[in-house]
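Visitor: I'd like to learn how to read strands and helices. Could you walk me through an example?

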Amino acid sequence: MDRLETRELDYFVAVAEELHFGKAAERLGMAQPPLSRAISRLERRMGVLLLERSSRRVALTDAGAVFLDECRRLLDSLDAAVRRAQRVRQPGRLVMAVRPGTASGLIADLLRASEVGGHDVLFTHDRPAALRDGRADIALLCVGTDDLTGLRTADLTEEAPFALVPRGHPLARRTAVTVAELGQDANFAPECPPVGLDEIVDRVVLGRLVTVVGTGAAERISSEVAAVPVSDLPPTRLALAWPEGASRPAVTAFVRSARTAEARRVLDAKDLDAKDRDAAGA
């Protein structure tokens, strides 16, 4: 069988998603008869029935459902390849995917320290998807939480967990809390909602949310919110991630400079702590 064309995949996906030849033809901007002929020709070439047709309905066969998933994946991969190839025209520029409202201080430090000539920041809650579909070259991800399938990673830093509670909350003046104690609050959400930090803070202030965030977010809260360390949660490991097999020299340079900058920041923090201890003991 000759290799299928992307046009045929587009045709099939439209019909499989609409389950109506007329609606699929309208979506594709073509007439219905040639679309029907194209799908029939595709099935003959493959030797597989993809759609069950009757005068009342169109339905996917089991083979058609499998082929639909594969077509979507192939078309997405093709779109991602085009986006990455287009950005090669700007070899010294990277697009970095980050979650809105979190670790912004760290991200600003990374961008300032980078050896790469220019950066664009893509704010998105699904950073792994942005890497896979070619919208971003590199992303700041949480190891153990985000889906790292098909991605290469370089550990960068850790963030301690902090509970966000209203300033007047019974736990607000504690030096540390446990997850069990937080769970006694009806508004406790173990997983931070997928919204921006401003909205999270607003919900906490209004008494509608208690949740856990990392150091980067805890440092940006308002005076109406208390950030209390959570003693029985491990730190969140943050890593830089990029697609396997799609690395560019600019990505390698960014990772190298970012890890150097973070190591320097850790050493500076340790030196500052040592000076504070010496001053306190003087």
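**Reading the sheets and helices**

Guide: Start with strand 7 (residues 162-166) and strand 10: they run antiparallel, joined by 5 bridges. Ala163 stands opposite Val228 in strand 10. By the way, this is a predicted model, where local features need pLDDT of at least 70, side-chain atom pairs count only at pLDDT 80 or more, and totals for chains, interfaces and linings use all residues. Residues are numbered from 1 along each chain as its sequence is written, and side-chain values use heavy atoms, leaving out hydrogens and water.

Visitor: What makes strands pair?

Guide: Strands of a sheet pair through backbone hydrogen bonds, either parallel or antiparallel. Here two strands pair if DSSP finds at least two bridges between them. Helices (H or I, at least four residues) and strands (E, at least two) are DSSP runs, numbered from the N terminus.

Visitor: In which order do the 4 strands of the open sheet lie?

Guide: They go 8-9-7-10, with mixed pairing. Strand 8 (188-189) and strand 10 (225-229) each have a single partner strand, so one side of each lacks a neighbour in the sheet.

Visitor: How do helix 2 and helix 3 cross?

Guide: Angles run from 0 to 180 degrees between N-to-C directions, with axes fitted to C-alpha atoms, for helices over the stretch in contact (heavy atoms within 4.5 Å). The axes of helix 2 (residues 21-28) and helix 3 (residues 32-46) come within 9 Å and cross at roughly 105°. The pair is therefore roughly perpendicular (65 to 115 degrees). Residues making the contact include Phe21 of helix 2 and Leu35 of helix 3.

Methods
Angles under 35 degrees count as roughly parallel, over 145 as roughly antiparallel, 65 to 115 as roughly perpendicular and the rest as oblique.
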